[in-house]
Amino acid sequence: MIEDLATVYAAELARRIRSRPFIVGLVVGVLAIALVGKLPAFLDKQVSSANAVVLIGSATLTARAEPLLAANDRILGSLPLQPIDDAFLKRHGAAAAIELRAAGDGLRVTVFAHDPGSVEPGLLRRELLPLQLELTTQRSAAEVKKISAIPIAIAAVGSKFSSAKQAAAVRAIAYTLIFFLYLLILLNSQLVTASVAEEKTSRIAELLVASVNPAALLSGKILASATLGMVQLAVWIATILFLGAGSGGSQAAASGGGILSLGSVLDVITPGIVVAFFVFFVIGFLQVSTLFAGAASLINRTEDLGSITLPLALPVVAAFFIAIATLQVPDSTLAVVTSYVPLLAPFVMFTRIAVSNVPVWQIAVSIAINLAALYVIAVFAGKIYRVGMLLYGRSPSLRQVWSVIRS
Amino acid sequence: MLDVDHVRKEFGSVRAVSDVHFAIEDGATFGLLGPNGSGKTTTMRMILGILVPDRGSVRWNGAAVGDESRRHFGYLPEERGIYGKMKVREQITYFAKLHRLREPELTKRIDRWIERLGLSVYADRPCGELSKGNQQKVQVACAAVHAPVLLVLDEPFSGLDPVNAEVLLAVLRELQSNGTTLILSSHQMWQLEDLCSRFCIIAGGANRAEGSLAQLRSAWPTRVVRVAPPSEAVRNLLEGVAGAHALARVDGAIDYQVPAATDFAALLHRLVDVAPVTKFEALEPSLHEIYLRAIGETAA
């Protein structure tokens, strides 16, 4: 059995590594990572141009306002009071002009904007509050700054993170890994499905099951695909680290966007996260791909592949979204319950492990339940596969499939 | 020795095989005959262990067929399958390895089969680029490369042109002489008649007739006598034989069906006594006729 499995594994690996879907998946993944890496900078540029403003008012007032507004707006310059119209904004390449006047009881602000909807009065009010205090209390900027500096200490209670920055960095990495988990499981399960469907539709299946135990055949395929998944993952992570070298480090990770640098990854990733990722990737991949392979053995035409695998992919999609929600609330009832449910747990439990302190017994129970589920899926899918590979003509009804499982 | 012992196989409410039984001696060539849907392929799949009988058993040298015995079996299914993108040599290598063939024997055997089947020029081309006949040769190589002790061939001649059919026939004779036990199904009865030492005709999932060609013929109730020239006296005498009736006139001769128990030597004497006879033949039934009669009985 092991020798047969090794032969199928080697042949499948050689065949799949040269196949178009694998190469395309690998290259598209690398390009997508590069694109996603450049996206934040591109978006920053777009946002930055949307926030370009000109300050209008007395030189004293604009000079005092400029540092207060610079955190969220790109200040193009300051000009004396003058009429503002569309031509003015276009001439200065600004999205808005902020007119500042000092009245007896404080500051008067008028915003002239191409898009009034983009102006946030609340934010502007908070930003200009120190200036308002200076004017109304007749205190110096330094005094206002001192008054405003309320000491705030953050104490992490029951958290695995020592700082908000570290928490944000881990969430960013966990988000990236969940996305990889999703891509790897679905892409590689599709490869297994395509392989089974190819052998079924090309009619070589009968020759194969006459030569080798179907269990060895199916296992060889799935393990080869899992290996290719690991290769893809290694290439993708290398791409991230390569493109991320010299980028913003932890700051990039903490912002939740952009390429993660080697430094930022090593800062926050723990051996536990790495082990959890691989354990749950293997369990999740085996569950999904085995299910897909069993289903693929029932089709007679490759065109029918989508209709039979789409319903099976839905739990994976659902698991992805639950995992994303779990990033923010890792101990919610939904997260805790679904971290035991087969097909969902590989995503949700991994996410909980990454961003919270999950009791060891919960991890052990989840792994045990999911390994047991994997065994059941393998037995059922194996039965379907064994019969399905020889079944031609009309696709079997659900009742027939059920009778095969029960047999 | 292969022993197929009253096997039955059902798929839901459909009974594909109800009761098939036969035994094949080592090194024998066995013809499994039957119309489409008679249960031949299901029987072959049970022999190979692809399907498990619901009742009865398949035993090879006294033991149930399992993974180990299957490793020494070869199979050419009726529905030919091939990896279109895999090269010829790779495909044969893959199946050889699945049957545990290892170096240095592996390369030697593969080279030999590629050469034997005239596939040398295609060895490094993807199978999908080959003609149907050449693809079939690749499949034969995949089925036989590991020198199986039992080779099951389901309709091996279908789709082959006469030249390639001759090549396959020669390969089968070679395997025969090497002591390989062969099970063949084919609708080309004349090819099987030459090749096989025993036959089993099945219809409706059950045995209809089984034995060597001589045994099958001996069970045939009638014979055909061909006499020339077809004179009035000859006709009158043959009409007088109990159970005889006239068939067609063929090439200046006349055919009469007579009971198998007829004393042909005595009949010839009587014919010579009444008229000049230049030709007298007692024709044995062909495998084709025996087959048609066996499945015809089923239809009735």
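**View 1. Arg100(B) is partly exposed, with 14 other C-beta atoms within 10 Å.** "Partly exposed" sits between buried (20 or more other C-beta atoms within 10 Å of the residue's own) and exposed (12 or fewer), with C-beta atoms placed from the backbone. Arg100(B) has a phi near 65°, a positive value in a residue other than glycine. Look for Arg100(B) in the loop between H3 and H4 of chain B. Helices here are DSSP runs of H or I with at least four residues, strands are E runs of at least two, and both are numbered from the N terminus.

A word on the model: it is a predicted one, where local features need pLDDT of at least 70, side-chain atom pairs count only at pLDDT 80 or more, and totals for chains, interfaces and linings use all residues. Residues are numbered from 1 along each chain as its sequence is written, while chains are lettered from A and ligands numbered from 1 in the order in which they are written.

**View 2. A cis peptide bond joins Glu103(B) to Pro104(B).** Omega is near 5° for this bond. Pro104(B) belongs to the loop that runs between helix H3 (88-98) and helix H4 (105-116) of chain B.

**View 3. Asn61(B) has a positive phi, near 50°, and is a residue other than glycine.** Asn61(B) lies in the loop between strand E4 (55-60) and strand E5 (63-64) of chain B. With 11 other C-beta atoms within 10 Å, Asn61(B) is exposed.

**View 4. The bond from Ala228(B) to Pro229(B) is cis too.** Here omega is near -5°. Pro229(B) is in the loop between strand E11 (222-228) and helix H9 (232-239) of chain B.
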